[in-house]
Amino acid sequence: MNNVYTQRRANVRNLLSESMNTIIPSTKFKVMTVHKLWDISCLRKFFWHRVMNFSPKGINFNFWYGGVFHVGFQAVLLGKTWPAIKVAIRKESKKRLKGHSLTVDEQQEIAVQFDLICVFVKASMDHPATAKMEMIEAEKFVNYSIKAVPGVKYCGSMDGDGFYDGEPCTFEIKTATQITASYFKALDVDQQVHSYALGMRKQGKPRDKCCYLVFRKTQKRIKKGQTPDDFVAEIKKDVAARPNFYFGGDESKVSFPYVLPLGKHTINDAGNNIEAGAWLLNQIYSNLSERSLLLPQNWVANTRQCFNYGRCPYFQLCHNLKRWELYTRFYKQREMLYTKEETELQNAK
Ligand code: SF4
């Protein structure tokens with residue numbers, strides 16, 4: 001009996017060392033992003049995601065779809081040909097699937113969704129508004145120093161910078177299943193696009209409008225007896241028949257692109273929020289020892305957020321807080337988006 005327990009303990013120890021060795025926590029605060037600002041609404045989530053750097057190992061179909069779609073439409077706005085766009089889409093999909101072992105069902109779902117992305121991106125090339133848009137730089141990086149916390153930088157990466165109807169603008173590309181009037185209303189105070197605009201202003205390239213491009217994801221599913229090819233053909237027909245439904249607009253106010261004015265005051269408000277968020281985070285980092293910083297119990301959990309947009313990816317960690325280490329095998333290291341983020345990692349120089 002004792003042997004069984006000894007073996008189990010050894011297995012758990014191996015499991016822990018295996019998963020913990022591959023994930024390096026960020027114990028310094030050097031980079032502020034709008035995503036960190038959002039994660040502050042549940043500080044426990046901030047801890048799992050931004051301090052422990054846990055990212056779920058399982059494939060997130062929404063992230064995959066959004067990321068691959070982005071690259072496809074960016075390529076359209078960069079003026080690439082359809083064969084080159086398809087190559088870019090395929091490359092991005094491959095990159096995002098790397099390291100995931102998919103079940104047969106998941107592989108089939110990915111194949112169908114891949115074809116649908118191609119249908120939408122190809123159709124977007126024929127939309128009359130697309131001809132008025134020109135992207136000069138995709139994934140435009142912006143950064144500036146945070147005044148409230150010396151040594152900390154704000155970093156952001158816009159989907160693109162360029163022109164709409166001959167006027168300079170930023171670009172933001174989104175995919176969504178629900179697009180309502182309030183979706184667009186919320187953009188008036190959106191911290192992401194306005195903080196990017198602040199970054200551009202600080203870099204001497206002020207922009208007073210953002211081309212916000214929202215693409216509706218179909219909620220239709222393959223019917224019983226329908227082949228994947230027939231399903232894709234059905235959606236292709238539907239996109240041709242109802243382009244306004246799929247491209248950007250809500251039913252009451254069709255608009256593609258949605259041209260969002262980037263007002264001076266809202267840009268300043270976004271900047272103040274970033275400053276306030278950075279100050280708050282710095283208080284935590286500076287007042288906790290490294291040991292305390294790495295304890296989830298020291299980060300306030302906002303359980304009202306657990307099921308806000310589906311189940312929080314960290315729910316099993318919070319729900320099993322006494323033995324959370326056992327669940328780390330379901331997570332991998334979060335991808336560092338900015339070079340400077342490397343300096344936040346534990347033991348970084
Ligand atoms: S499960 Fe709930 S409390 Fe835990 S990190 Fe997610 S949102 Fe926060």
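Predicted model: local features only at pLDDT ≥ 70, side-chain atom pairs only at ≥ 80, totals over all residues.
Hi everyone, thanks for coming. Let me start with strand E6, residues 209–216. Is E6 mostly buried or exposed? Of its 8 residues, 7 are buried, so the rest of the structure largely encloses this strand. Now for its partners. Strand E5, residues 167–176, runs parallel to E6, and 7 bridges join the two. If you want a place to look, find Thr170, which stands opposite Cys210 in E6. Strand E7, residues 258–261, is also joined to E6, by 4 bridges, and that pair runs antiparallel. There, Tyr212 stands opposite Tyr258 in E7. So please keep in mind, when you look at the side chains here, that in a regular strand they alternate between the two faces of the sheet.

Next, helix H11, which covers residues 264–287. The buried residues in H11 are Ile267, Ala270, Gly271, Ile274, Gly277, Ala278 and Leu281. As a reminder, an α-helix has 3.6 residues a turn, so residues three or four places apart point the same way. And what do the buried residues of H11 pack against? They pack against E1, helix H2 (34–39), strand E4 (153–164) and helix H8 (191–202).

Speaking of E1, let's step back along the chain. Ile24 sits in the loop between helix H1 (2–22) and strand E1 (31–32). Ile24 counts as partly exposed because it has 18 C-beta neighbours inside 10 Å, and a residue needs 20 or more to be buried. Beyond its neighbours within four places in sequence, Ile24 is in contact with Asn53, Gln333, Leu345 and Gln346. Arg334 is worth a look too: Ile24 and Arg334 are 310 residues apart in sequence, yet 9.2 Å apart in space, C-alpha to C-alpha.

Last stop, the ligand. Which residues are closest to the ligand? Those are Cys42, Lys45, Cys306, Cys312 and Cys318, within a shell of 13 residues. Helix H3 (43–51) and helix H13 (315–319) each supply at least two residues of that shell, and H3 gives the most, with 3. By type, the shell divides into 8 nonpolar, 3 polar and 2 charged residues.

That's my tour, and I'm happy to take questions!

Key: Residues numbered from 1 in each chain as written. Buried ≥ 20, exposed ≤ 12 C-beta atoms within 10 Å, placed from the backbone. Pairing = 2+ DSSP bridges. Contact = placed C-beta atoms within 7 Å. Near = placed C-beta within 6 Å. Nonpolar A, V, L, I, M, F, W, Y, C, P; charged D, E, K, R; others polar. Expected span 1.5 Å × (residues − 1).
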